[in-house]
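Let's take a walk through this model together, stopping at a few features of its side chains, surface and backbone. Have the structure open and turn it as you read.

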Amino acid sequence: MDLHDAHGWLIDLLNNISVQFQKVPGSAIFLRYVKSSYQNDPVRSAVELFLFLFAVRYLLAPKYSTSKKSYVKLTDEEIDELVDEWVPEPLVAPQTSFEEAENEKRPVIVGPTGPKSKLANGRVVTNVASYNFYNLAGNETLKEKAIQTLRTYGVGPCGPPGFYGTQDVHQKTEADISAHLGTTACIVYAQAFSTISSVIPAFSKRGDIIVADKAVNFAIRKGMQISRSSIRWYEHNDMVDLQNVLASVVKEQAKKPLTRRFIVTEGLFENLGDMVDLVKVVELRHRYKFRLILDETWSFGVLGRTGAGVTEHQGVNVKEVDMLVGSLAGPLCAGGGFCAGSSEIVEHQRLSASAYTFSAALPAMLATTASEVLAMLESNSEMLTQVRENIKTMWGQLDPRSEWVHCTSAVENPIMILVLKAEVVASRKLSISEQEQLLQEMVDEALANGVMMTRLKSMPRGINVTAKEVGWELQPGLKVCLSLGLSRKEVERTGTVIRHAITKVMKARR
């Protein structure tokens with residue numbers, strides 16, 4: 001067969017195929033679709049052809065078994081031996097003798113918490129161990145408002161905010177916080193601790209970079225752990241070291257795919273009580289193009305002319321902070337937490353923040369209480385002024401007058417953290433556990449003289465975790481919380497009792 005005959009045979013074959021195809025129902029419609037599709041968009045036709053061929057190949061592909069055994073089969077004796085050898089680790093470490101003794105002597109308050117609290121043994125003591133800064137725990141106005149809300153809305157919403165849990169009081173509280181701070185939007189969470197630990201993983205994922213202060217609190221650390229991001233630490237409140245870490249990160253990432261990068265820090269540090277240099281942090285975040293997450297759990301309601309936090313106190317525009325996280329418990333005497341920022345930041349969390357999506361909404365009476373306290377702070381600056389006066393009075397009794405301890409807190413912080421001086425620790429070669437023992441004896445001695453304070457406590461190390469794995473470690477300290485419910489004379493007397501308790505314990509352990 002020559003070339004001419006082959007060409008004729010091929011044409012006849014194609015014509016026969018075409019005739020047979022046209023006999024198929026719907027073939028005319030299919031051909032018309034292909035012609036128009038090819039004429040208008042040939043790329044689309046090619047993609048559709050590829051998908052069609054892929055589907056055909058997938059359907060014709062040989063089946064394979066998913067139950068194929070790809071592991072070593074053990075005998076019954078080997079299984080029993082492994083089971084006998086296995087020893088599960090305890091969920092928590094066993095209590096030490098020190099912890100057991102502390103729990104046995106722990107004071108129990110009977111009735112409402114206040115500047116003067118009654119204990120289970122019948123004694124009335126001065127309470128500087130609770131976060132009742134504005135003496136709102138027994139405020140009758142707030143109590144009546146809470147009761148009215150309770151009767152109207154019930155105890156709790158019994159549902160997540162995104163599923164019938166949001167009530168009008170929640171929206172009002174979000175609007176009140178947003179207006180108080182000067183942000184575009186705000187979102188309220190049901191628990192303060194889970195707020196920051198949900199906000200961080202809602203935005204920072206695996207492969208992203210977080211640069212954090214070494215002294216950040218436990219809730220922040222859990223949030224960073226959940227995010228699975230790469231963590232870089234900088235020395236506590238050291239802006240030079242922060243700049244060096246940021247520059248190092250930028251240099252390392254110069255030739256790598258673009259990732260999200262965050263700076264995470266606190267307004268008032270929970271573990272030390274001191275204050276962040278927010279002006280410098282904002283300057284560095286702009287210079288190196290990082291986003292900023294600021295935890296104001298302990299500074300919101302405390303710092304600033306109206307209690308708006310460290311941004312108001314240091315004169316920083318709140319819009320310079322991408323995510324501003326705070327607590328409605330503590331200073332506001334309510335419950336829950338919040339995150340304020342732009343509308344995009346807030347709306348993203350309504351679907352992506354686990355504590356918001358999967359937890360029941362904040363009880364209505366707590367939302368109402370938070371709104372009422374914010375209104376009180378805005379209208380009555382005397383509350384803030386009186387607390388600050390009591391802080392100054394207590395500072396005068398403790399920090400410059402004690403030869404054993406010094407205060408690491410900022411002078412505006414109503415929570416005074418008292419730690420043993422470095423020379424005292426060095427001269428007596430005190431370990432962490434020995435410092436905790438001494439501080440607990442000081443707490444017990446003060447309580448015996450009518451003043452109830454507490455120790456600064458951190459989460460214990462995990463089982464089999466070494467000091468090297470822990471990294472930065474909290475120095476034990478005393479925690480003294482001031483309240484406007486105490487007069488100047490009562491604060492002076494309380495400071496004197498604490499100072500004498502410290503001196504007595506330290507001199508007895510020479």
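Rings of Phe, Tyr and Trp (its six-membered ring) pair here if their centres lie within 6.5 Å, with planes under 30 degrees apart called stacked, over 60 edge-to-face and the rest tilted. Six aromatic pairs are counted by this rule.

A word on the ground rules. This is a predicted model, in which local features need pLDDT of at least 70 and side-chain atom pairs count only at pLDDT 80 or more, while totals for chains, interfaces and linings use all residues. Residues are numbered from 1 along each chain as its sequence is written, and side-chain values use heavy atoms, leaving out hydrogens and water.

Now turn to helix H3 (residues 42-60), where Phe-52 sits; helices (H or I, at least four residues) and strands (E, at least two) are DSSP runs numbered from the N terminus. Phe-52 counts as exposed because its relative accessibility is 53%; the cut-offs are under 20% relative accessible area for buried and over 50% for exposed, with partly exposed in between (1.4 Å probe, protein chains only). Phe-52 belongs to a nonpolar surface patch whose members, among them Val-43, Leu-49, Phe-54 and Leu-60, have about 1400 Å² of accessible area together. Such patches are made of residues with over 30% relative accessible area and no salt bridge, joining nonpolar side chains (Val, Leu, Ile, Met, Phe, Trp, Tyr) within 5 Å and like charges within 9 Å. The areas come from the Shrake-Rupley method with a 1.4 Å probe, and for residues only the protein chains shown count as cover.

Next come the charged pairs. Side chains of opposite charge can pair when their charged atoms come close. With a salt bridge defined as a side-chain nitrogen of Lys or Arg within 4 Å of a carboxyl oxygen of Asp or Glu, the count comes to 16. In one of them, Asp-176 meets Lys-172 at 2.9 Å, N to O. These two are four residues apart in helix H8 (residues 168-181), so about one helical turn separates them. Asp-176 is partly exposed at 21% relative accessible area, and Lys-172 is partly exposed at 46%.

Which parts of the chain does the pair of Asp-208 and Arg-260 link? Their closest N and O atoms are 2.9 Å apart. This pair joins distant parts, 52 residues apart: Asp-208 lies in the loop between helix H9 (192-203) and strand S5 (209-213), and Arg-260 in the loop between helix H11 (239-252) and strand S7 (261-266). Asp-208 is buried, at 5% relative accessible area, whereas Arg-260 is partly exposed at 37%.

In helix H12 (residues 278-288), Arg-287 and Glu-283 are four residues apart, which means that about one helical turn separates them. Their salt bridge has its closest N and O atoms 2.6 Å apart. Elsewhere, shared partners join Glu-102, Arg-455 and Lys-457 into one salt-bridge network.

Finally, look at the backbone. Most residues other than glycine have a negative phi, and most peptide bonds are trans. Asn-237 has a positive phi near 55 degrees, and its place is in the loop between strand S6 (230-234) and H11. Cys-333 also has a positive phi, of about 60 degrees; Cys-333 lies in the loop between strand S9 (323-327) and strand S10 (337-341).
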